[in-house]
Amino acid sequence: MKRILFLTFFLAVAALYAQIPDGYYDAADNKAGSALRFSLYSIIRNHTSLSYGALWSAFYTTDVHPDNGKVWDIYSDNPGGTTAYYFTFGSDQCGNYSSEGDCYNREHSVPKSWFNDATPMYTDLFHLYPTDGWVNNKRGNLPLGEVGNPTWTSTNGSKVGASSISGYSGQVFEPIDSFKGDFARTYFYMATCYMDKNLGVETQSNFSGGDLKPWAKELLLQWAAQDPVSQKEIDRNNAVYQIQQNRNPFIDFPELAEKVFGNDTSPFTTGIPTYSDSNCWRAYPNPTSAIVNIQTFDYQTDNITIEIKDLTGKTLYAQHADFSDNMQVNLSNLPDGLYFLTISSSTHIHTFKIVKQ
């Protein structure tokens, strides 16, 4: 039986800088596979390179917590519970530290030793985050992974310990679930922007040359599907763009993860098709005056989320669902324009551009 989702919301006026520039991804249009990856590389590789010292100031706009104006530290923030402490910009910069909560520093989420401190990777904001110095030290240069029996756990639940996944048996660092997608899309960016560099100088790395190792690729695709793009990532992408003048395509278009690093061989399109069809999901008609039909052929029907976003990435509507039949979304209360419809399940994430007219 079909169900209709009625959308009610207020639209905010968006700043121009919050939008993807017109034509930014045109060179990637209708590309697939290795050609798609190379076209994305060509789009994002040339960007403004910062000094290492300039990162402190950049964090004021890229990583400010919206609730309190403090540092948004992914190694201490706990979205699903209570955050034990927050850092204040400037005054809490490391410095010396001897325990959690002492100060924050500049974390290379792709450890700098993996690429011999080479530029421009060394100061690329897309993989540099302000994080607790003590947790950063505990992570060190360990690859990302999943831990069975942690030898150390941070206040917010980040873990260090032996890998519990097949393909790698060494020590790994596991962030909390709320930020696993953030890390995955960061690594997809790095493996695209620097596909011509060596990000795997050390053997204990998620990279081999400029590509992700097979076990790491499988893991990060899983993380990206389980933790869809958040408003935090969208805002950070826009803020970094203002500074570096390049973007993370895997945040702008989450479906690129499977198209570049997964098994989706269908061409990427930046245009508006007459209908949207992606693997086991379909959204039609498009354009529409009111109703959009959502059809699924995916039998992984658990943990499904449906979201409508505007061009700034602001979520206007979200609902968790469990279904195996057709659904409908009613857009009749929306102003005419372009919207993003994202459907994510435990195994896939698909984003459709929907025109209301």
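Which side chain meets that of aspartate 264 in a salt bridge? In this predicted model, the partner is lysine 259, at 3.3 Å from N to O. Aspartate 264 and lysine 259 are both buried.

The structure holds 11 salt bridges, and another of them joins arginine 185 to glutamate 233, with 2.7 Å between N and O. This pair connects distant parts of the chain, since arginine 185 lies in helix α4 and glutamate 233 in helix α6 (residues 231-244), 48 residues apart. Arginine 185 counts as buried because its relative accessibility is 2%, under the 20% limit. Glutamate 233 has a relative accessible area of 4% and is therefore buried too.

A further salt bridge brings together the side chains of lysine 180 and aspartate 177, at 2.9 Å from N to O.

Helix α5 covers residues 214-226. With 13 residues at 1.5 Å each, α5 should span 18 Å, and its end C-alpha atoms are 19 Å apart, so the two values agree. The buried residues of α5 include Trp215, Ala216 and Lys217, as well as Leu219, Leu220 and Leu221. Trp223, Ala224 and Ala225 are buried as well. Among the elements that cover these buried residues are α4 (180-193), β8 (211-212) and α8 (256-261).

Definitions and conventions: Residues are numbered from 1 along each chain as its sequence is written. This is a predicted model: local features need pLDDT of at least 70, side-chain atom pairs count only at pLDDT 80 or more; totals for chains, interfaces and linings use all residues. Side-chain values use heavy atoms; hydrogens and water are left out. Helices (H or I, at least four residues) and strands (E, at least two) are DSSP runs, numbered from the N terminus. The expected span of a helix is 1.5 Å times one less than its number of residues. Buried means under 20% relative accessible area, exposed over 50%, partly exposed in between (1.4 Å probe, protein chains only). Contact means heavy atoms within 4.5 Å. A salt bridge is a side-chain nitrogen of Lys or Arg within 4 Å of a carboxyl oxygen of Asp or Glu.
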